[in-house]
Amino acid sequence: MGIRMVFAAIAGDWQFLLPLAVTVDDRLWCYANAAVQARLNNALGIEHPIFAPTTVEGIFEAIATSEPSPYYILMSFMMRGAWEEAVDWMYSYCLDVEKKPGAKVQSLYRFFGLVTSVCRILKNEHDENHGKNLVGRMVDVLLQKQVFSLIPFYAALLPKDDALKRVWHVMPPYLVAFMCISDVKTDADRMAFITALNDAGFDGEEIAFEFGKFRVVEMVDHADLLRWIYACGDKKLLNAVAETNSVLRYYLCKRSLENS
């Protein structure tokens with residue numbers, strides 16, 4: 001990074017240097033340096049590779065109106081090790097973007113979530129609520145994209161209750177118009193998700209069992225719930241048999257009552 005900064009300064013590349021500027025004086029130097037390089041290139045008959053204002057008025061107008069991309073702004077925070085400021089800025093930026101109609105935020109949430117995840121893994125100080133919010137947004141995007149294998153790893157960076165809620169969001173087979181709405185479709189996907197839970201420090205088999213337990217009062221696909229327990233293999237085989245008996249008994253009793 002340092003070498004790139006040196007060459008950017010020599011070439012008069014204010015676009016690369018500006019996001020790293022902390023003060024107004026730093027920003028002024030970026031533009032002034034670019035203006036000198038641009039004028040020198042013009043005097044030598046060389047086309048300056050990047051447009052740069054070359055007048056005092058143009059420089060101060062650019063300082064007042066320029067808005068670096070989120071990537072470079074975050075780079076400036078990380079270059080200074082200002083993780084707490086970075087997390088606060090990302091949180092505020094998300095709130096501002098969401099106010100814009102039609103804003104595409106999925107890529108932004110994933111990017112901000114990754115940066116925040118690094119911050120939490122390194123145990124750098126930051127606002128807990130803001131960090132939790134940013135990682136949670138990224139997990140929600142992974143769920144929308146159906147990238148299930150990554151969800152447990154990032155969910156583990158959240159408080160336990162929040163993590164389990166997002167894990168369960170992957171699994172719900174609710175019935176809508178007599179159709180099963182479930183994100184994980186196959187037994188292989190279920191087993192892969194349980195393995196990912198174990199790798200992230202959760203008890204994947206126990207979570208799958210608790211989720212798959214027979215629940216009378218909920219409008220769910222009980223057969224799909226049972227598949228989660230069977231996906232645990234031998235570890236939960238007895239539980240799977242017991243839950244299967246409960247489901248069969250429930251439906252047999254229900255049919256008997258309907259026919260009586």
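Student: Leaving aside its neighbours within four places in sequence, which residues is Lys-236 in contact with?

Tutor: This is a predicted model, in which local features need pLDDT of at least 70, side-chain atom pairs count only at pLDDT 80 or more, and totals for chains, interfaces and linings use all residues. Residues are numbered from 1 along each chain as its sequence is written, and side-chain values use heavy atoms, with hydrogens and water left out. Contact means heavy atoms within 4.5 Å; on that basis Lys-236 is in contact with Glu-205, Glu-206, Phe-209 and Ile-229.

Student: Why is Lys-236 called buried?

Tutor: Buried means under 20% relative accessible area, exposed over 50%, and partly exposed in between (1.4 Å probe, protein chains only). Lys-236 has 13% relative accessibility and therefore counts as buried.

Student: What makes the pairing of the side chains of Lys-236 and Glu-206 a polar contact?

Tutor: A polar contact is a pair of N or O atoms within 3.5 Å; within protein, one must be able to donate a hydrogen and the other to accept it, and residues adjacent in sequence count only if both atoms are side-chain atoms. The two side chains make such a contact at 2.9 Å.

Student: Where do H10 and H12 meet?

Tutor: Leu-164, Val-167 and Trp-168 in H10 meet Ile-207, Glu-210 and Phe-211 in H12. The residues of this contact divide into five nonpolar, no polar and one charged.

Student: Which residues have the most contacts inside the largest nonpolar core?

Tutor: They are Phe-148, Ile-151, Val-167, Val-170, Met-171, Phe-193 and Trp-228, in a core of 28 residues. A nonpolar core is a set of buried Ala, Val, Leu, Ile, Met, Phe, Trp, Tyr and Cys residues joined through side-chain atoms within 4.5 Å.

Note on methods: Helix = DSSP H or I, 4+ residues; strand = E, 2+ residues; numbered from the N terminus. Nonpolar A, V, L, I, M, F, W, Y, C, P; charged D, E, K, R; others polar.
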